[in-house]
Amino acid sequence: MSNSSQAGSTYDGFAEAYVARAETNAFNALYERPAIRALLPSVVGQHVLDAGCAGGAHSAWLLEQEAKVTALDVSAHMVALTRKRLGTRAQVHQADLREPLSFLEEGSVDIVLSSLTLHYLEHWEPTLKEFHRVLVPGGRLVFSTHHPLADCRWVSGGDYLQTERIEQHWEGFTETPVRVSFYRRPLGAIFAALAESGFVVEQLVEPRPLQEMREQEPEIHARLMKEPWFLLIRASRSQLPRA
Ligand SMILES: C[S@@+](CC[C@H](N)C(=O)[O-])C[C@H]1O[C@@H](n2cnc3c(N)ncnc32)[C@H](O)[C@@H]1O
């Protein structure tokens, strides 16, 4: 099985369950979604690419903010759920971020939003260079990913300075646990990939959860107030470095 079909079939196997849970799950609803939306520049009238759209939660919000939205996901099932949710209000493509985004013209996108998706990719530079190609000069890339230190806890004897593949078995989505794998990379590798691909980091955020989480999920709230699980970056499209 190729890497591509693996990534697609992973979420295909539990797409509806994931989307239903992510709607209210504390980590998404009270932590990642508000943090990444706060990091975006104004999206009104802007063409935003939602890269790794899952069931289209961010895309639906972007449309409410009067953005023009193109969404993509490698999972056919996720794409179907997003199309059902958004109808004809957005272009939704089944596409793999490891491949060229041939359906997007050079300099046609104002903002790329990629929420909790880039850690599924082993190599970031081809994807970031494709984001660079489709963005207008000065366009923004805003993304969230697992915090590299938080992910260290999943690998016993792990080497922080290496990019490591982590495999997990997620319970509660289907009758049997779902096997999911992703990559943890050091902060230096994240910054190097951005610089190599022509992006300048404007802001790095280690978010704090919303106050509501303290009442709804006090233990998770207490933990997230001390240990960030996710890392968010806003970067600006600049010149590609000279070869
Ligand atoms: C954790 S979910 C993202 C959550 C989503 N942004 C939200 O708002 O709920 C990760 C998504 O990335 C997608 N994905 C994983 N690898 C991908 C790839 N190579 N290309 C495009 N999408 C990918 C998955 O199918 C899944 O829908």
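Q: Which conventions apply to the numbering and to the use of pLDDT?
A: Residues are numbered from 1 along each chain as its sequence is written, and side-chain values use heavy atoms, with hydrogens and water left out. In this predicted model, local features need pLDDT of at least 70 and side-chain atom pairs count only at pLDDT 80 or more, while totals for chains, interfaces and linings use all residues.

Q: In what order do the strands of the open sheet stand?
A: Strands of a sheet pair through backbone hydrogen bonds, either parallel or antiparallel. Helices (H or I, at least four residues) and strands (E, at least two) are DSSP runs, numbered from the N terminus; two strands pair if DSSP finds at least two bridges between them. Here seven strands form an open sheet with mixed pairing, in the order 3-2-1-4-5-9-8.

Q: Why is one side of strand 3 and of strand 8 left without a neighbour in the sheet?
A: Strand 3 (91–94) and strand 8 (199–205) stand at the edges and each has a single partner strand, so one side of each lacks a neighbour in the sheet. From one strand to the next, the twist averages 15°; for angles, axes are lines fitted to C-alpha atoms, for helices over the stretch in contact, and values run from 0 to 180 degrees between N-to-C directions.

Q: Which residues stand opposite Phe143?
A: Strand 5 (residues 135–146) runs parallel to strand 4 (residues 109–115), with six bridges between them, and Ser114 stands opposite Phe143. Strand 5 is also joined to strand 9 (residues 230–237) by seven bridges, in the antiparallel sense, and there Phe143 faces Ile233.

Q: Which elements make a right-handed β-α-β unit with helix 6?
A: A crossover is right-handed if, with the strands pointing away from the viewer, the path from the first strand over the helix to the second runs clockwise. Strand 4, helix 6 (residues 125–134) and strand 5 make such a unit. Strand 2, helix 5 (residues 76–86) and strand 3 make another right-handed unit; strand 2 and strand 3 pair in the parallel sense over four bridges, with His93 as the bridge partner of Leu72.

Q: Which strands does helix 3 lie across?
A: Contact means heavy atoms within 4.5 Å. Helix 3 lies across strand 4, strand 5, strand 8 and strand 9, and runs at about 20° to strand 9.

Q: How many cavities of 30 Å³ or more are found?
A: Rolling a probe the size of a water molecule over the atoms shows where empty space is left. On a 1 Å grid over the protein atoms alone, a cavity is a set of points where a 1.4 Å probe fits but cannot get out, whereas a pocket is an open set with protein on both sides within 12 Å along at least five of seven lines; lining residues have an atom within 4 Å of a point. Grid points are joined across faces, edges and corners, and a volume is the space filled by probe spheres set on the points. The search of the whole structure finds one cavity of 30 Å³ or more. The largest cavity holds about 60 Å³ of space, and its lining includes His119, His146 and Arg184.

Q: Which residues lie nearest the centre of the second largest pocket?
A: Among the 22 lining residues, Phe27, His146, Trp170, Trp229 and Phe230 lie nearest the centre of the second largest pocket. This pocket contains about 590 Å³ of space. Helix 2 gives the largest share of its lining, three residues.
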